[in-house]
Amino acid sequence: MAFVLSQERERELTEILSRYPNKMAACIPVLHLCQNANGNWLSPDAIQFVADRLELSPAHVKGVVTFYSLFNEHPPGKHQIWVCRTLSCALRGSDAILEHCQKRLGVGVGQTTADGRFTLRTAECLASCGTAPMMQVDKTYYEQLTPEKVDRILAALSKD
Amino acid sequence: MLKRTDYLTKNYGKPDGFSLQVYESSGGYRAARRVLTLPREAVIEEAKKAHVRGRGGAGFDCGTKWSFMPKPGGGKPHYLVINADEGEPGTFKDRTIMEQNPHAVLEGCMIGMYAIGANACYIYVRDELHLAKQRLWDAIHEARAKGYLGELPFGNNYPLQIYVHTGAGAYICGEETSLLNSLEGRRGEPRLKPPFPAQAGAFGCPTTVNNVETVAIMPTVFTLGGDAFSKLSDLHAWNDGGVRLFGVSGHVKRPGIYECAVGLTLRELIYDLGGGIEGGRELLGVIPGGSSCPVHLPNEVVHVPNNPKFEMFNGKSILDLPLGVDPFRIVGSMLGTCCAIVLSDAADPVLAMQNLMRFYKHESCGQCTPCREGCGWLERIFDKVVEGTATLDELDQVHEIASNITGNTICAFGDGAAQPALAFVRKYREQFEDYILGQGRSQTGRLAI
Ligand SMILES: Cc1cc2nc3c(=O)[nH]c(=O)nc-3n(C[C@H](O)[C@H](O)[C@H](O)COP(=O)(O)O)c2cc1C
Ligand code: SF4
Ligand code: FES
């Protein structure tokens, strides 16, 4: 089925276009808009939609999608978890946090739980080094983590 | 010398400290209001007197950068682009400004736009910083509602618009020409220079790229006056003026962001502000300003003969050298972003190197062969060292590989990956050899305390 946006998101798309001197510049913001509207991933239809609306070749849009790590070409779990593993976090125990997440969720890095609820990933430095170790879940940062804190966060997300 | 200040940080942590009302009640927007009535050249001259060295890592003087822009009216619009990609490992200062003092960013953008003859500004924020983006948009809407942004800012016939633009996860987009490609809706691959952004930047038009903190301090510059601002610094005589944010992370008791006059030392940052090393441990090493700077050992001594400015520092520990752009460049180091990463002697420097090289391998955009292949090669060598399967010959190759990257690439990422490798292997040679001769046995075998 062809990809469509809700009326509200269509208005948002128009507003995004008004910020730039040309349509190509809207490429990344519009891809985010479509990804958010589509369960956090970009299907081939969504890519075609962006190409059509921004008057770009699908190859250009696909090239952009594959360059950036936050665009998903496959559906992730309902919640995406990124555990930062770069040096400042590693110095404060991110390895233990990542291991704990793997054990709790029963998945490895890059995998999604069988119930489709969580996708576990690692991240490079998320500009939160002073409150390490940390992880991002969807759009929220969780800082100064301990295994107990991770348990509470996961438990809350398992209920919603 | 340690001198705490609070020009940027006074409303951090206060309820609604990020709102326009709180910002204005502590003097906000007065500077921009006045600047917009001055001749453009006078604004640039005042900024030059402040000696604000770029806070994004390269340390270029901001007023001078603004002066490189062509005269407005050349037929093409000018753009100000703010680098809020903050991805350099260990760096977490810009995020605090955007989240807790977004109006200082906007007011700084207004001053910058006026100085370079731009009417539009894009703040390029990495996508992960959702709260920062929200606070900036909210601040933009507040400023528009007040008429500070729009067609007649503060009643002046000089239209100003600011937009937040988002990335999508790529460290390399912090490099300014890569950032411009990303802003234009392309893959974030760095461009060959020339042309420089001031000639052909965003959308082929004259553009200035500034770091978030660089512009956010401009309202303070124009409130105090450029010269008075510069003199807050111990390094005024080095043309490195004012105050800046210093960060410290890793094995210290009180990691965080501290605003101080320029001239602070690493010792003051680690021990006075950071509270010293955690867990009763000793300092093993410190990376001064983001992971692309070389690591320093506590027993390193400053030695720069035939330079009168260094007379008072020669023979002292590197920990007592003021954190300034030029002092650190001249001793062969780099100041970078002024956010230090501290390693205690509980940490294994070999694992630290392995961690960083994995980062660089992952983040290389792959355009240049020496960077793409070199980072992969270095990563494999460090992996083998840790596994205990590397040879001493391979350890010696690190020097050659890193030297082949240095200076042979399109952008400074290559040097940023090579320099830490050279410094770690040279300065912690013994620990690297322990791994190799002990088939993977090491002194601590861990990074966390
Ligand atoms: C690989 C790489 C990553 C960079 N990342 C950032 C960054 O995240 N933020 C930033 O402000 N500057 C970053 N820079 C520096 C920018 O290229 C540029 O020098 C800076 O934004 C200019 O602003 P300033 O003069 O105000 O410091 C990076 C440079 C390189 C080579
Ligand atoms: S140096 Fe590395 S990151 Fe920079 S352009 Fe070349 S390959 Fe890309
Ligand atoms: S290293 Fe994890 S947030 Fe910077």
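**Exercise 1. Sort the residues of the shell around ligand 1 into nonpolar, polar and charged.**

Solution. The shell divides into 4 nonpolar, 8 polar and 6 charged residues.

Two notes on the model. It is predicted: local features need pLDDT of at least 70, side-chain atom pairs count only at pLDDT 80 or more, and totals for chains, interfaces and linings use all residues. Residues are numbered from 1 along each chain as its sequence is written, chains are lettered from A and ligands numbered from 1 in the order written, and side-chain values use heavy atoms, without hydrogens and water.

**Exercise 2. Find the polar contacts of ligand 1 with B:K65, B:N83 and B:G87.**

Solution. Start with the surroundings. Of 18 residues around ligand 1 (a heavy atom within 4 Å), B:G56, B:K65, B:N83, B:N211 and B:T214 come nearest. Next, take the N or O pairs within 3.5 Å.

- B:K65: a side-chain N or O atom is 2.8 Å from a ligand oxygen.
- B:N83: a polar side-chain atom lies 2.9 Å from a ligand oxygen.
- B:G87: a backbone N or O atom is 3.5 Å from a ligand oxygen.

Then take the cover. The protein covers 89% of the 610 Å² of accessible area that ligand 1 has on its own (Shrake-Rupley method, 1.4 Å probe).

**Exercise 3. Which residues come nearest to ligand 2, and how does its shell divide?**

Solution. Of 13 residues around ligand 2, the nearest are B:C365, B:C368, B:C371, B:T409 and B:C411. The shell holds 8 nonpolar, 5 polar and no charged residues.

**Exercise 4. Locate the cis peptide bonds at B:P194 and B:P195.**

Solution. One cis bond joins B:K193 and B:P194, with omega about -5 degrees. The bond from B:P194 to B:P195 is cis too, with omega near 0 degrees. B:P194 is in the loop between α8 (176–183) and β4 of chain B. B:P195 is found in that loop as well. Helices (H or I, at least four residues) and strands (E, at least two) are DSSP runs, numbered from the N terminus.

**Exercise 5. Is A:A127, with its positive phi, buried or exposed?**

Solution. Phi of A:A127 is about 60 degrees, although the residue is not a glycine. A:A127 sits in the loop between β2 (118–123) and β3 (135–137) of chain A. Its relative accessible area is 0%, so A:A127 is buried (under 20%; exposed is over 50%, partly exposed in between; 1.4 Å probe, protein chains only).

Key: A polar contact is a pair of N or O atoms within 3.5 Å; within protein, one must be able to donate a hydrogen and the other to accept it, and residues adjacent in sequence count only if both atoms are side-chain atoms. Ala, Val, Leu, Ile, Met, Phe, Trp, Tyr, Cys and Pro count as nonpolar, Asp, Glu, Lys and Arg as charged, and the others, Gly among them, as polar.
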